[in-house]
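Dear colleague,

I am handing over the structure below, and after it you will find notes on what turned up when I went through it. Please read them alongside the coordinates.

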Protein chains: 2
Amino acid sequence: MQIMDKKSPIHITISERDDSVTITQWVYQTLRNAVMYGEILPGRALTIRELAGILDVSPMPVREALRQLAAENALEIQGNRRVMVPKMTAMKFSELCEARIAIESHAAARALPYIDRDQLSQLRALDSLIDEAQEEKNLAQISTLNQNFHRALYTANPHQVTLPLIESLWLQLGPFMRLATSQLEEHYLVDRHNEAMTAIEKKDAFALQIAIAADIREGIAFAGTPEMLHAFIENAGT
Amino acid sequence: MQIMDKKSPIHITISERDDSVTITQWVYQTLRNAVMYGEILPGRALTIRELAGILDVSPMPVREALRQLAAENALEIQGNRRVMVPKMTAMKFSELCEARIAIESHAAARALPYIDRDQLSQLRALDSLIDEAQEEKNLAQISTLNQNFHRALYTANPHQVTLPLIESLWLQLGPFMRLATSQLEEHYLVDRHNEAMTAIEKKDAFALQIAIAADIREGIAFAGTPEMLHAFIENAGT
DNA sequence: AATAATTGTTTGTGATCACAAAAGTAAGTT
DNA sequence: AACTTACTTTTGTGATCACAAACAATTATT
């Protein structure tokens with residue numbers, strides 16, 4: 001079997017496969033990361049057999065992973081049964097950001113009563129890690145740690161129901177955030193986590209919501225000016 | 001092959017299969033409805049082969065449908081790889097309701113600017129249908145129409161991103177709403193849709209959010225007093 | 001009789017095959 | 001040259017099989 005490259009070649013970062021997880025799970029994580037990091041261009045048709053060839057697995061696990069990612073809105077199944085990373089528009093991007101703000105500020109407020117000393121120190125640790133990464137201007141690291149910070153905050157609520165929804169939004173925004181930030185040379189990022197931390201310590205739900213909303217908004221702004229984002233998003237994947 | 005009934009027997013309402021949809025899609029819809037209408041008890045282990053036998057299809061489409069439903073949080077895959085309808089707790093139920101209010105009121109406000117004359121009349125039609133169903137005390141009909149009303153409202157926004165998340169929440173609450181309402185004999189339901197309609201006509205986003213939030217809250221209250229819900233939810237599936 | 005070891009069964013996972021629909025390609029027509 | 005038509009290839013879907021892990025039941029052991 002020869003290498004197929006019907007359209008643009010796909011490069012997917014492949015990590016070590018752990019025998020403790022099923023092949024389907026590994027494929028799922030691999031493809032999820034590929035989507036999240038913008039390694040797959042929006043609109044590029046993904047076929048089961050091609051991915052199976054790239055990942056060196058049988059078509060079956062790929063099939064299952066694709067269906068799962070589609071159910072999480074990370075991929076889109078068209079009427080023709082073609083699977084692809086959904087194309088983005090400026091309006092949709094905006095809606096995703098607003099949805100993030102609405103849901104995450106709600107999740108933060110709902111988690112607040114459950115934050116005890118241990119979780120507070122865990123958040124503090126993540127906060128200082130972010131500060132370090134910021135000095136080193138390590139973009140990928142900042143993004144990852146930022147996500148971890150948010151996740152840690154929301155999961156303090158033991159009766160968690162919003163995190164899967166939030167992760168779905170991250171997954172949909174991910175590729176375009178990464179693509180956009182990779183185009184920039186200078187990054188301005190005000191650290192709103194400190195504000196969030198003090199709000200948490202004071203158990204001030206409203207202040208926490210403000211801080212989270214600001215953090216998300218500036219995380220977007222961090223990806224560029226609205227004009228840049230607009231121009232970039234609409235042209236992604238062409 | 002004999003009838004299996006390892007535990008409690010499962011009765012799933014089976015609809016006609018349309019040849020224009022794939023078997024997987026049909027199985028997905030059938031199982032989704034079964035979950036939504038509380039036909040599958042929480043905690044009951046679902047096996048691929050058993051469902052395949054019940055639905056008279058091969059295991060493959062069931063496999064895919066189960067994975068998709070699990071990705072939508074309608075089903076839960078345990079560590080043991082066992083699949084089941086997630087068990088509910090009063091706290092989780094409460095979190096789901098609060099999440100509904102937060103997200104749906106946001107979705108409503110975001111949809112408001114896009115509602116034109118056609119959509120308004122469509123909403124009005126649904127509203128009067130609900131009024132009719134309410135006089136006939138047709139519970140199932142009311143629930144379905146109520147969902148259609150909310151869906152119609154949110155989908156007015158052409159850059160829709162929240163509906164899949166909202167549907168996921170409906171799916172998680174569905175079984176317990178149905179189970180709870182089926183226990184009641186008397187139902188009190190104030191129609192908040194009229195309030196929503198006037199808010200829409202006035203393009204008053206804040207009033208609309210209030211109306212939607214109230215509608216959701218009373219839809220829950222409609223399912224019984226908090227004590228009843230609590231007692232019922234915790235015992236469901238035993 | 002209670003617990004541990006063993007055997008038999010069921011189950012999810014993954015691989016492979018068959019097939020119809022879709023997409024791509026080449027030849028033929030206007 | 002633009003479009004249609006016929007043919008070839010590719011692709012998703014679904015069925016079936018093999019296998020190891022999980023589960024259930026039975027037997028053996030203390």
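**The contact between the chains**

Between chain A and chain B the count is eight salt bridges, and please bear in mind throughout that this is a predicted model. One salt bridge joins the side chains of Arg110(A) and Glu98(B), with a distance of 3.8 Å from N to O. In terms of residues, 32 of chain A are in contact with 32 of chain B. The size of an interface is often given as the accessible area lost when the parts come together; here chain A and chain B bury about 2,900 Å² between them, and 61% of that lies on carbon and sulfur atoms. Of the area that chain A buries against chain B, 22% is supplied by Arg67(A), Glu95(A) and Val161(A), which is more than any other three residues supply.

**A helix pair in chain B**

Within chain B, helix H5 (residues 117-135) packs with helix H6 (residues 139-154) at an angle of about 165°, and their axes are 9 Å apart. Because angles over 145 degrees count as roughly antiparallel, H5(B) and H6(B) are described in that way, and H5(B) passes H6(B) in a left-handed crossing. The residues that H5(B) brings to this contact include Leu123(B), Leu126(B), Ile130(B) and Asp127(B), while those of H6(B) include Ile142(B), Leu145(B), Phe149(B) and Asn146(B). Taken together, the residues of the contact between H5(B) and H6(B) divide into ten nonpolar, five polar and one charged.

Methods:
Residues numbered from 1 in each chain as written. Chains lettered and ligands numbered in written order. Predicted model: local features only at pLDDT ≥ 70, side-chain atom pairs only at ≥ 80, totals over all residues. Heavy atoms only, no water. Axes fitted to C-alpha atoms, helices over the stretch in contact; angles between N-to-C directions. Helix = DSSP H or I, 4+ residues; strand = E, 2+ residues; numbered from the N terminus. Parallel < 35°, antiparallel > 145°, perpendicular 65-115°, else oblique. Left-handed = near helix turned anticlockwise from the far one by under 90°. Contact = heavy atoms within 4.5 Å. Nonpolar A, V, L, I, M, F, W, Y, C, P; charged D, E, K, R; others polar. Buried area = accessible area lost by both parts, 1.4 Å probe. Salt bridge = Lys/Arg side-chain N within 4 Å of Asp/Glu carboxyl O.
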